[in-house]
Amino acid sequence: MALWMDAGSEPMTESEKADLEAISALKESAAIEFKEQGNECVRKGKKHYSEAVEFYTKAINQGVLSDSETSVLFSNRSHVNLLLGNYRRALTDAEEAIRLCPDNIKAVYRAAKASMSLDLLNEAKFYCEKGIENDPSNEDLKKLLKQVNSKKQEREQHEVEVSRAVVQAKACLSAMENRGVKIGKAMYRELTGLKKPMLDKNNILHWPVLLLYAEAMTSDFVEDFCETDISLNMFSEDSPPLPWDKNNEYTRDAIELYYEASSGTPLPSSRVLQYLLEGTKGSQAGTSGDEDTSLAKKPYNRRGSSGMVKVNERRTLHDVLKEPNLVIPEIPVFYVVSKRSKFYKDFAAGKWSPPS
């Protein structure tokens with residue numbers, strides 16, 4: 001009997017040949033039946049898709065159909081896997097269908113569809129163009145190719161924007177490090193939002209600056225202050241009176257600026273870069289692997305005692321920010337007090353500190 005023949009051996013007798021032909025016919029009949037059952041499951045809807053995959057698999061495993069017929073089975077199984085969201089399996093099946101029968105346009109379309117779902121846009125474009133070359137009137141492939149090209153254009157534009165954001169952030173970081181400026185953790189982001197320094201085309205830093213009136217714990221915010229400007233320019237001579245300053249003590253000639261010395265630890269370059277990229281297209285750029293060259297890698301020397309340090313308002317912002325005992329809490333924060341205020345005595349004596 002042919003059923004008991006050794007694997008790889010050739011039938012010797014007419015009876016064995018007849019047996020093998022009968023077995024092959026049975027397998028072919030079973031494969032066709034499994035295929036039809038698979039098709040019926042697809043027609044029944046989503047609840048039966050998994051059964052359809054099983055029937056197509058059984059049909060393929062019979063191993064007796066022609067390449068073109070087997071190609072159809074792989075293409076059908078690819079279709080169901082697409083419907084199930086099994087995109088990698090769908091692509092593998094479609095590629096096998098194409099290998100068996102390069103003219104299987106449905107398989108080419110499904111390979112393109114699966115590739116696009118996997119975000120393999122170059123592959124999706126290749127399959128679309130291959131299919132259109134073989135079937136120039138195929139509107140489904142043409143429509144899909146437009147979608148692929150549109151998605152590719154969006155990705156390329158996104159990559160350009162990401163690259164630009166990273167370049168700008170790294171240039172800003174480099175400018176800070178060259179100036180010896182140290183960046184620490186944010187203190188008052190709830191007052192300023194995600195404002196960040198920017199480097200202009202002339203390599204000049206522009207800083208958002210928060211002014212806190214220590215006595216009343218109210219604030220003003222300067223969104224763009226050039227590092228080359230002197231500090232006193234943060235205030236205008238003709239500024240209106242502060243609504244809470246009933247005694248008109250906070251006039252331009254009476255106020256003083258202070259910063260809090262040694263109030264934090266400088267962040268490493270990677271963290272500062274992450275902050276500079278936050279809220280931009282480059283925020284997911286994966287720059288954490290960059291070499292960390294920040295000043296924070298060196299031991300931080302807290303020169304001078306902690307506490308409030310008066311700002312010489314005749315100095316530029318740049319000169320103030322590079323003070324060795326100043327760690328900028330993301331953006332510069334200066335405390336404003338009036339020499340005429342009763343509060344001033346306590347502040348100058350160190351009896352006041354910012355709320356934690």
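Which are the buried residues of H3?

A: This is a predicted model, in which local features need pLDDT of at least 70 and side-chain atom pairs count only at pLDDT 80 or more, while totals for chains, interfaces and linings use all residues. Residues are numbered from 1 along each chain as its sequence is written, and side-chain values use heavy atoms, with hydrogens and water left out.

Helices (H or I, at least four residues) and strands (E, at least two) are DSSP runs, numbered from the N terminus. Buried means under 20% relative accessible area, exposed over 50%, and partly exposed in between, with a 1.4 Å probe and protein chains only. In H3, the buried residues are Thr-70, Ser-71, Leu-73, Phe-74, Ser-75, Asn-76, Arg-77, Ser-78, Val-80, Asn-81 and Leu-82.

Just after H3, Gly-85 takes a positive phi of about 85°.

Most residues other than glycine have a negative phi. Asp-119, although not a glycine, has a positive phi of about 65°; Asp-119 lies in the loop between helix H5 (105-117) and helix H6 (121-134), and its relative accessible area of 36% makes it partly exposed. Asn-203, in the loop between strand E1 (198-199) and strand E2 (205-213), also has a positive phi of about 65° without being a glycine.
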